[in-house]
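Subject: Structure handover

Hello,

Here is the structure I promised to pass on. Please open it next to this message and follow along.

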Amino acid sequence: ADLPARLWWNELTPVQQQLNAAIRRGVPLGGTSAGLAVLGEFVYSAQNDHPRDPNLTSAAALANPFHPQVVVARNFLNLPELRGLITDTHFHNRDRLGRLLVFMARILQAGDAAALHGIGIDQHTALLVDGQGQAREVGTGHVYLFAAKGKPAVCQSGRPLSFGPIAVRRLDPGQSFSLPRWSGQGARYTLRVRDGKVGSDQPGGSIY
């Protein structure tokens, strides 16, 4: 629905109260698509999206990290295992890697975190996280885990993003990862953004 965020993004609303009360009781919580996007400490809120417009693309975000649709909110939910990170969904299928890097760059640029993690999850795929932050991938796609620290080289309105290095882990189905230690299984590679273009040190230069 095309509703202002204030109708639900407020600690006084019943939706937020009930969800956080369930978390405190130890009730498992999860979500798909937008339901996944709100689980981290930082959230792409889609506040300036409109039903007639497409979702924010990686190309638009990388070309201008202060694009009007780049809106990041904070603390909708309080999941201790997901503090200090932001998630994105439909990841490879909709080519959302670039925009997740922009979200991370904006958070670091604002000084809201000195170091930050991101998680991108493919369609038909899930990351199961227990109460100690131990995670396992299930499904048919991949889970991508990103780590970065420090302010980006260039993160300004109207200028293409330059940012990195960003350390990546790519989990296959069945592989596991410790979120508190930020270590585990999965292929490792590094990304860098230069003038709005994402580059990789993987053989062949694949960013996924």
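Below is what was found, taken topic by topic. One thing to keep in mind throughout: this is a predicted model.

**Helix H4**

Start with H4, residues 97-109. The helix has 13 residues. From its first C-alpha to its last it reaches 18 Å, close to the 18 Å expected at 1.5 Å a residue.

After the helix comes glycine 111, which has a positive phi, near 80°.

**The nonpolar cores**

The largest nonpolar core has 32 residues. Leu97, Leu101, Met104, Phe146, Leu161, Phe163 and Leu191 have the most contacts inside it. Several elements give two or more residues to this core: strand E1 (42-44), helix H3 (58-63), H4, strand E7 (143-149), strand E8 (163-171) and E11. Which element supplies the largest share? H4 does, with nine residues.

Leaving aside its neighbours within four places in sequence, leucine 97 is in contact with Ser58, Phe91, Phe146, Leu191, Val198, Ile207 and Tyr208.

There is also a second, separate core of 21 residues. Ile23, Leu82, Ile119 and Trp182 are included in it.

**Salt bridges**

How many salt bridges does the structure hold? Three.

Glutamate 41 takes part in a salt bridge with arginine 74, where the closest N and O atoms are 2.8 Å apart. This pair links distant parts of the chain, 33 residues apart. Glutamate 41 sits in the loop between helix H2 (34-37) and E1, and arginine 74 sits in strand E2. Glutamate 41 counts as buried, at 7% relative accessibility. Arginine 74 is partly exposed, with a relative accessible area of 36%.

Glutamate 41 also forms a salt bridge with arginine 83. Here the closest N and O atoms are 3.3 Å apart. Arginine 83 lies in the loop between E2 and E3, 42 residues from glutamate 41 in the chain. At 35% relative accessibility, arginine 83 counts as partly exposed.

The remaining pair is aspartate 88 with arginine 99, the closest N and O atoms being 2.7 Å apart. Aspartate 88 is in strand E3 and arginine 99 is in helix H4, so the pair ties together parts that are eleven residues apart in sequence. Aspartate 88 and arginine 99 are both buried.

Salt bridges that share partners join Glu41, Arg74 and Arg83 into one network. As background, side chains of opposite charge can pair when their charged atoms come close.

Strand E9 (residues 176-178) pairs with E10 in the antiparallel sense, over two bridges. Within that pairing, serine 178 has serine 183 in E10 as its bridge partner.

Elsewhere, E11 (residues 187-194) and E12 (residues 197-200) pair in the antiparallel sense over four bridges. Arginine 192 stands opposite glycine 199 in E12. The two strands, E11 and E12, form a hairpin with two residues between them. In that turn, aspartate 195 has a positive phi of about 50°.

**Glutamate 81**

Last, a loop residue. Glutamate 81 lies between strand E2 (72-74) and strand E3 (85-88). Is glutamate 81 buried or partly exposed? Partly exposed, because its relative accessibility is 27%, and buried would need a value under 20%.

Leaving aside its neighbours within four places in sequence, glutamate 81 is in contact with Val129, Asp130, Gly131, Gly133 and Leu179. Glutamine 123 is another matter: its C-alpha atom and that of glutamate 81 are separated by 22 Å, and the two residues are 42 residues apart along the chain.

Best wishes

Terms used. Residues numbered from 1 in each chain as written. Predicted model: local features only at pLDDT ≥ 70, side-chain atom pairs only at ≥ 80, totals over all residues. Heavy atoms only, no water. Buried < 20%, exposed > 50% of the residue type's maximum accessible area, 1.4 Å probe, protein only. Contact = heavy atoms within 4.5 Å. Expected span 1.5 Å × (residues − 1). Pairing = 2+ DSSP bridges. Core = buried A, V, L, I, M, F, W, Y, C linked by side-chain atoms within 4.5 Å. Salt bridge = Lys/Arg side-chain N within 4 Å of Asp/Glu carboxyl O.
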